[in-house]
There are 2 protein chains.
Amino acid sequence: MSTLWKSRYAQRTLGIKSSAIRELLKVTQKPEIISFGGGLPAPDVFPVQRFDEACHKVLSEHGPQALQYGTTEGYQPLREMIARNLARYGIVASADNVLITSGSQQALDLIGKLLINRGDRILVEAPTYLGALQAFNVYGAQYVSVPVDEDGLLTEQLDSSLRAGPKFMYVLPNFQNPAGVTLSEGRRHQLILLADKYGIPIIEDDPYGQLRYEGEHIAPLVVLDRENVRRDNGFTLGNVIYLSTFSKTLAPGIRLAWIVAPEDVISKLVQLKQAADLHTSTFNQYVAFEVARDGFLDQHVKLIRQVYRERRDAMLHALQEFFPAEVTWTHPKGGLFLWVTMPEGTDSQALLRAALAENVAFVPGDSFYPANGNGHDGGRHMRLNFSHSQPDQIHEGIRRLSVAVKMQLRNHVLR
Amino acid sequence: MSTLWKSRYAQRTLGIKSSAIRELLKVTQKPEIISFGGGLPAPDVFPVQRFDEACHKVLSEHGPQALQYGTTEGYQPLREMIARNLARYGIVASADNVLITSGSQQALDLIGKLLINRGDRILVEAPTYLGALQAFNVYGAQYVSVPVDEDGLLTEQLDSSLRAGPKFMYVLPNFQNPAGVTLSEGRRHQLILLADKYGIPIIEDDPYGQLRYEGEHIAPLVVLDRENVRRDNGFTLGNVIYLSTFSKTLAPGIRLAWIVAPEDVISKLVQLKQAADLHTSTFNQYVAFEVARDGFLDQHVKLIRQVYRERRDAMLHALQEFFPAEVTWTHPKGGLFLWVTMPEGTDSQALLRAALAENVAFVPGDSFYPANGNGHDGGRHMRLNFSHSQPDQIHEGIRRLSVAVKMQLRNHVLR
């Protein structure tokens with residue numbers, strides 16, 4: 001009976017906060033709610049027709065292979081395509097440096113499994129991506145966190161944190177989830193130099209890099225690192241493991257992402273992935289290859305940029321229009337999120353309850369800080385997603401949210 | 001550089017043998033090789049046309065939802081369909097007892113993550129499924145193994161092994177991988193009574209249960225267990241976690257399987273799955289539901305049974321025709337595999353090299369025993385898959401294999 005099972009659970013730290021977003025996702029399925037909560041891409045720009053054609057082509061031409069077991073590393077033509085696309089950003093990699101994963105979440109899980117021993121400290125941005133904390137918590141990670149501002153991780157505060165000897169750094173340099181901020185070029189150079197000085201490797205998570213709505217592309221850490229290291233096994237990948245995904249450029253429902261790393265790191269990760277799920281869906285890899293090929297991916301990313309830029313602008317304008325002067329927010333140059341800061345002492349969990357009463361949802365800021373990390377002020381923050389709702393919904397949603405915010409600020413002052 | 005990464009790997013027991021099958025799979029991609037190695041379903045019976053129609057229907061009618069993020073538990077209509085299908089085998093479960101996983105391998109990984117603390121002993125059949133050993137090894141499992149004969153696990157030898165206090169038992173009652181044997185009804189009852197007596201839960205892995213080619217269906221352990229326990233949370237699931245999959249009935253390339261367990265166990269596994277890969281491909285779940293519905297799955301399973309029965313018979317006949325008298329093999333009543341036993345002292349690794357020179361492949365028996373378990377005689381066994389090759393190929397492949405076997409036996413006698 002269940003009690004028997006319960007007595008047998010290993011004591012994994014499961015990360016209590018996991019339920020916050022999960023419960024939220026359930027509430028936000030009600031049609032009357034405008035949700036800025038999930039990190040959902042806009043379903044209205046999914047290339048449904050192209051997927052339909054791709055499925056038909058794959059099943060007509062490669063049905064038996066696409067429905068069969070595949071290799072753990074991934075579908076070779078897809079790995080080659082990803083390697084070619086990486087080259088445009090200056091990332092020199094072959095297919096042998098690319099491991100296909102079942103979403104970036106699996107990449108984080110495999111990296112946690114490979115690198116984290118119970119009690120190891122991981123350096124993260126504060127705030128940082130909730131899913132990474134969940135993945136690393138399972139392996140007993142502890143955290144050292146370093147704050148971000150509009151230019152990303154405060155590298156001037158890194159020195160002392162690195163002296164504490166973290167196992168690795170986990171960084172989202174572009175349009176960070178949740179804060180929407182981007183690590184400046186100067187700080188990227190500093191980060192690489194510090195990583196090298198202290199011998200601390202970096203996990204560079206880049207799900208949104210292609211979704212830039214203004215400003216110039218900044219070289220990823222994996223490229224800046226390369227300029228710092230010698231050729232290694234014929235490839236110039238070094239201190240940085242780089243992650244990206246099709247979830248934000250094609251569709252998240254196909255669960256396709258990839259890890260770029262030196263070959264010997266890939267070979268360890270392949271062993272762990274084989275034990276974790278054998279391989280990622282063969283069929284989805286064939287289909288994604290057919291969807292993306294012949295320039296479609298680039299063309300589609302242009303469309304997404306245009307749609308999301310408009311939504312970001314709608315949210316920034318609505319915030320300006322409705323929100324009180326004592327509340328501030330970030331101005332993301334890309335990605336899916338912005339980060340709102342309320343006066344000290346605000347309780348964003350209470351605000352969420354008030355917001356839900358107004359039929360609008362967001363994720364409270366404290367979800368994005370490790371429970372066992374340094375002290376933080378997550379309670380005064382909220383993460384707003386602008387990619388999922390259409391501009392008029394965004395306008396109305398921010399109006400509703402402002403009602404809850406003003407009420408909360410009034411209560412706060414009165415208290 | 002890579003050396004930096006290497007110095008940071010956690011000391012996970014990765015299970016050296018993982019490479020045996022992986023390397024084999026690479027060799028067997030050569031067209032001149034007849035492979036009895038992989039556990040591959042027959043690609044010629046994949047319902048390609050039905051998949052094509054299902055993809056088109058899903059994308060036309062539910063495109064935006066099917067390509068979007070989904071819930072960790074899985075697509076509700078699919079979970080309900082699985083619960084309904086379970087009822088036919090007497091397994092009383094609702095959708096809330098069903099968690100969709102990315103193949104059964106992920107089910108094994110999540111169960112290992114939830115239940116195994118480093119050093120815990122797991123009771124397994126000898127031989128047992130290689131993938132389970134790989135999944136459990138990552139979490140530092142030790143093993144107690146109990147031999148099987150044609151009637152499955154030797155339950156009369158269980159008592160002393162259970163007194164050693166294993167964390168759980170992992171059992172494949174139907175057409176076991178690799179031995180092809182089936183646990184008799186009498187032994188199933190004994191197993192349940194012993195599990196209850198010692199309070200040791202059971203993981204029942206049943207990927208092949210529907211692929212029976214002769215004899216009568218035997219009630220799964222989860223059903224026999226139910227007769228032993230009181231109603232628990234409104235459901236009668238108790239001491240057994242039950243696993244099954246679409247990999248052998250629809251197609252493995254879509255990576256869809258499920259765990260059936262009490263609700264509180266499911267809720268723990270959901271948390272771990274969320275951290276591991278968020279959720280299984282939404283698109284594949286919609287497509288599998290469309291493929292399977294309206295009785296198609298049952299009808300298709302009938303076709304598979306017919307095709308595989310013919311292939312099993314072809315292999316049994318060819319073994320009879322070509323193999324020397326001192327070699328024996330199991331007579332599986334279903335599934336994908338049979339198990340060959342050679343005279344004591346035979347070296348199945350050397351035999352594999354000889355077989356590959358004859359352009360035929362199999363998996364050497366020692367891959368299916370835990371490295372750190374009790375002593376075993378895996379070296380004199382080989383696993384043969386009969387589902388993947390057509391009858392004439394099976395005939396020719398067994399002829400080739402018999403050449404290698406006879407040579408090996410001659411050397412063995414001469415030595």
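Visitor: How many Å apart do the C-alpha centres of domain 1 and domain 2 of chain A lie?
Guide: In this predicted model, the domain assignment of chain A gives domain 1 as 12–47 + 298–414 and domain 2 as 50–294. Taken between the C-alpha centres of these two domains of chain A, the separation is 25 Å.

Visitor: Which element gives the largest share of the side of domain 1 of chain A that touches domain 2 of chain A?
Guide: Across this boundary, 38 residues of domain 1 of chain A are in contact with 37 residues of domain 2 of chain A. The elements of chain A that give two or more residues to the domain 1 side are α2 (18–27), α12 (296–322) and β11 (337–341). The largest share, seven residues, comes from α12(A).

Visitor: How many charged residues does the side of chain A that touches chain B have?
Guide: Between the chains, 72 residues of chain A are in contact with 72 residues of chain B. Among the elements that give two or more residues to the chain A side are α3 (48–66), α5 (103–115) and α10 (263–277) of chain A. By class, that side has 35 nonpolar residues and 24 polar ones, and the charged residues number 13.

Visitor: How far apart are the end C-alpha atoms of α10(A), and what span should its 15 residues have?
Guide: At 1.5 Å a residue, the 15 residues of α10(A) should span 21 Å, and this agrees with the distance between its end C-alpha atoms, which is 20 Å.
The buried residues of this helix include A:Val265, A:Leu269 and A:Asp277, and just after α10(A) the residue A:Leu278 takes a positive phi of about 65°.

Terms used. Residues are numbered from 1 along each chain as its sequence is written. Chains are lettered from A and ligands numbered from 1 in the order in which they are written. This is a predicted model: local features need pLDDT of at least 70, side-chain atom pairs count only at pLDDT 80 or more; totals for chains, interfaces and linings use all residues. Two residues are in contact if their C-beta atoms, placed from the backbone, lie within 7 Å. Helices (H or I, at least four residues) and strands (E, at least two) are DSSP runs, numbered from the N terminus. Ala, Val, Leu, Ile, Met, Phe, Trp, Tyr, Cys and Pro count as nonpolar, Asp, Glu, Lys and Arg as charged, and the others, Gly among them, as polar. Domain bounds come from an automatic or database domain assignment. The expected span of a helix is 1.5 Å times one less than its number of residues. A residue is buried if 20 or more other C-beta atoms lie within 10 Å of its own, exposed if 12 or fewer, and partly exposed in between; C-beta atoms are placed from the backbone.
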